[in-house]
Amino acid sequence: MVKKFDDLISKVTECSVKTVSVAVAQDEAVLEAVKAAKERNIANAILVGDEDEIRKIASTLNMNIDDYKIIDVKDKTEAALKAVELVHNGEADMYMKGLIDTKTFLKSVLDKEVGLRNNKPLSHVCVFEIEGVDKLLFLTDVAFMTYPTLEDKVSIINNTVEICNACGIENPKVAPLAAVEVVNPKMPVTVEAAELTKMNEEGKITGCIVDGPLSMDLAICPEAAKEKGAEGRKIVGDADVLLFPDIHAGNLVYKALVHTAKVKNGNIITGTKAPVILTSRSDDFETKVNSIALGSVVAESLKNA
C-alpha cells in the first residue's frame, strides 16, 4: 500500500516513463523540478515557450538542455495551446503549468479543439504525506470548485476515487467534512453529507465508502472517535479522502498544513482526459516534483483503464 511519496515514486518506476508537456517553460522553479524528475526517472519533458529564456535559465541550473525537446513559442497563450495540444494528440502524457497565469492555463485545458475536456466537471486533488499520519491523505477540493453543489460533490468524489485507485488505494474511505458529526437542518453542509452517505449506500456512488457528516477529528483521529463513542461509524479516524464543504475550508486547511506542519504534498487537476499539474508559484520544489510523480501514476492508470 502506498503510504508515502517515496512509495509513490517507487510505483512510478514500475510504469513506462511518462512525458510532461510544460506550458511556458521559462520558469526556474518548474525547470528545476523537471530536471529532478528526469534524473529520478519519474518523467521526461517537452518544454514549450521562449527558447532563449529556457536555455538561459537552464544554464544557471546546470541542466543539460539538449536532453529535452524545446518548442519555441514566444506568445504565452499560443505556447499553452501548443503544449496542451501535445497531450491532446498523445505526444505527451500530462500537462503542466509554467510561467503563465492560472486563468489562461485553464482556458487551454478547456479549449474545444486541442484541450483536455472529458465531459466531466473538473476538480482539484491534493495528496498529503503528513508526519504522524500512517497513510497518504487526499484533500479535495481546495483550489478549483468554489461552492460545490451536491451534484458537484458526487463528481468530486468520483474524480478523487480515480486518483486514489491510481495510487494503489482501493475502496477509499471518504469523509464529507462539517463542523459537527450529526445532521443539523440549520447546517446544510451536514444535510448534504448525509445525502452523499445515503447515495453511497444505495449504490449511486461506488468504489468507495462514504461516511458523513464527520468533524475533522473523527475523520483523522482514531482516539477522538473512541472518546466520542463513535466506534460504530464506518470511518473512525481512518479516512483516506477529506471532502471539504467549500473552497474556503479546503484552502485554509491546505495552507495551515503547508505552513505549520512537516508535510510533503502533490497537486493535480482531475476530470480531464490526461493529468493536469497545476502548482502555485509559492509551492516548493519538492511539491512540483511530487506533482509530476502523481501525474505519472495517474497517466499510467488512465492508459490501462
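Residues are numbered from 1 along each chain as its sequence is written, and side-chain values use heavy atoms, with hydrogens and water left out. Because the model is predicted, local features need pLDDT of at least 70 and side-chain atom pairs count only at pLDDT 80 or more, while totals for chains, interfaces and linings use all residues.

## The cores

Let's start inside. A nonpolar core here is a set of buried Ala, Val, Leu, Ile, Met, Phe, Trp, Tyr and Cys residues joined through side-chain atoms within 4.5 Å. Buried means under 20% relative accessible area, exposed means over 50%, and partly exposed is in between, using a 1.4 Å probe and protein chains only.

The largest nonpolar core has 58 residues, and the members touching the most others are I42, L47, F138, I157, I292 and L294. Helix α6 (residues 150–166) supplies the largest share of this core, seven residues. Helices (H or I, at least four residues) and strands (E, at least two) are DSSP runs, numbered from the N terminus.

Not counting residues up to four places away in sequence, F138 touches V125, C126, V127, T160, I163, C164, C167, I169, D240, V241 and L242, where contact means heavy atoms within 4.5 Å. Another core lies apart from the largest one; it has 25 residues, including A79, V84, L86 and V87.

Two residues of strand β1 deserve a visit. S21 lies in this strand, which covers residues 18–23, and S21 is buried, with a relative accessible area of 0%. A polar atom of the S21 side chain lies 2.8 Å from the backbone oxygen of A83. Beyond residues up to four places away in sequence, S21 touches I46, V48, A83, L86, V87, A92, M94, Y95 and M96.

A23 also belongs to strand β1 and is buried, again with a relative accessible area of 0%. A23 and L81 are 58 residues apart in sequence, and their C-alpha atoms are 8.0 Å apart in space. Once neighbours within four places in sequence are set aside, the contacts of A23 are V48, A80, A83, Y95, M96, K97, G98, L99, I100 and F105.

V24 lies in the loop between β1 and α2. V24 counts as buried, at 1% relative accessibility.

## Two helix pairs

Which helix pairs with α2 (residues 28–39), and at what angle do their axes cross? The partner is helix α11 (residues 285–304): the two axes come within 9 Å and cross at roughly 55°. Axes are lines fitted to C-alpha atoms, for helices over the stretch in contact, and angles run from 0 to 180 degrees between N-to-C directions. The angle makes α2 oblique to α11. Angles under 35 degrees count as roughly parallel, over 145 as roughly antiparallel, 65 to 115 as roughly perpendicular and the rest as oblique. A29, V30, E32, A33, V34, A36 and A37 of α2 make the contact with F285, K288, V289 and I292 of α11.

Helix α4 (residues 76–88) and helix α5 (residues 102–109) pack with axes 9 Å apart, at an angle of about 40°. That makes α4 oblique to α5. On the α4 side the contact is made by T77, A80, L81 and V84, and on the α5 side by T104, S108 and V109.

V183 sits in the loop between β7 (173–176) and α7 (188–201). V183 is partly exposed, with a relative accessible area of 46%. Leaving out neighbours within four places in sequence, V183 is in contact with T190, V191, A194 and P213.

N200 lies in helix α7 and counts as buried, at 12% relative accessibility. Its contacts, with neighbours within four places in sequence left aside, are I205, C208, I209, V210 and K234.

## Backbone geometry

Most residues other than glycine have a negative phi, and most peptide bonds are trans. The following sites depart from that pattern.

| Site | Feature | Value |
|---|---|---|
| T140 and D141 | cis peptide bond | omega about -5° |
| G212 to P213 | cis peptide bond | omega near 5° |
| V24 | positive phi, not a glycine | phi about 60° |
| N171 | positive phi, not a glycine | phi about 50° |

D141 lies in the loop between β6 (136–140) and α6, and P213 in the loop between β8 (209–210) and α8 (216–220). N171 is found in the loop between α6 and β7, where N171 counts as partly exposed at 41% relative accessibility.

How values were computed:
Polar contact = N/O pair within 3.5 Å; in protein donor to acceptor, adjacent residues only side chain to side chain.
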